[in-house]
Amino acid sequence: MNQQMGFTMPPPLLHFYSLQHAVAAAFARLRKGPRGRDLAGASANVISKFGCLLARLFGYSSAPQNSQNGQTLPVNLSPLQEQRLRLLRQRLDVPYNCSSVEHQDALRELWRLAYPNRQLPPLKSDLWKEMGWQNSDPATDFRAGGFMSLENLIYFARNYPDSFHRLLHKADGKRAEWEYPFAVAGVNISYMLVQMLDLQSGNIRTKAGIHFVQLLEDDDTAFDNLFCVAFQILDAQWLARRASYMEFNEVLKSTRVQLEQELTIRSIYSIKDMPSFRMLKR
């Protein structure tokens, strides 16, 4: 994966954590109220304020780590984990190919899922900008995430359609005048996750990556589900910060930090155990 033009993923700066049950319940209640759009932003602030407290209460996992010259070394993987990690890495190596019928059809499928009641536009049309692509030709925006980032967006739309559409249409909270572009944000989230999990290196050395590969034993869609959680966290933090377009990188950094923290909680055995997973709605 090459780095996407526009947004970048510098090292994280902020520590941000979510409350497992109370915040998710508050978020759901607030969204249902008559002032749901304004109150959703308030629920995002609840998430932010409880961050450090939860980190102290629950702590982080003491997952197996070996240290050699300050470097974290990978743990042993089962044959199934190795197989699923290999398949995931193969997906990383596939760039979006605008000449591929399969890739073109996938892009069309994303449009149908996003706008089921609208006519499908040509593959090059200004209408694609409404979804949050930077250009009239979405193919030019896949450099960072490759074809897998498109697969991630389709998975999100199919499996969590309520959350997908709320984020696409910016339905929650008080939004900025200059919002982040939805589709391009998704591409950047895919890229950020690959870097955070150290998936392109021969030996995974990040603590989050070591924890993540353990989850592959029971979930071959762990990366796709993590993408959905990451997108939901990003939007919640966006609202909590009352951020605008130029702050996207900072929000992405703090999203990464929260994901790293949640992945390393001792009681996390699947992506669905992560506290922020509860924010996703089908």
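**A tour of rings and helices**

Start by selecting Phe 156 and Phe 227: both are buried (under 20% relative accessible area with a 1.4 Å probe, protein chains only; over 50% is exposed, in between partly exposed). This is a predicted model, where local features need pLDDT of at least 70, side-chain atom pairs count only at pLDDT 80 or more, and totals for chains, interfaces and linings use all residues. Residues are numbered from 1 along each chain as its sequence is written, and side-chain values use heavy atoms, leaving out hydrogens and water.

Next, show the aromatic rings. The whole structure holds 15 aromatic pairs (Phe, Tyr or six-membered Trp rings with centres within 6.5 Å; planes under 30 degrees apart are stacked, over 60 edge-to-face, the rest tilted). Phe 156 and Phe 227 pair edge-to-face, 6.3 Å centre to centre with 85° between the planes. Phe 156 sits in helix H6 (residues 146-159) and Phe 227 in helix H10 (residues 222-241), 71 residues apart. Helices are DSSP runs of H or I, at least four residues, numbered from the N terminus.

Now pick Trp 178 and Tyr 245. Their rings are stacked: 4.4 Å centre to centre, 15° between the planes. Trp 178 is exposed, at 52% relative accessible area.

Move to Thr 255 in helix H11 (residues 248-263). Thr 255 is buried, with a relative accessible area of 0%. A polar atom of its side chain lies 2.8 Å from the backbone oxygen of Val 251.

Finish on helix H9 (residues 207-215). Here 7 of the 9 residues are buried, so H9 is largely enclosed by the rest of the structure. Among them are His 211 and Phe 212.

How values were computed
Helix = DSSP H or I, 4+ residues; strand = E, 2+ residues; numbered from the N terminus. Polar contact = N/O pair within 3.5 Å; in protein donor to acceptor, adjacent residues only side chain to side chain.
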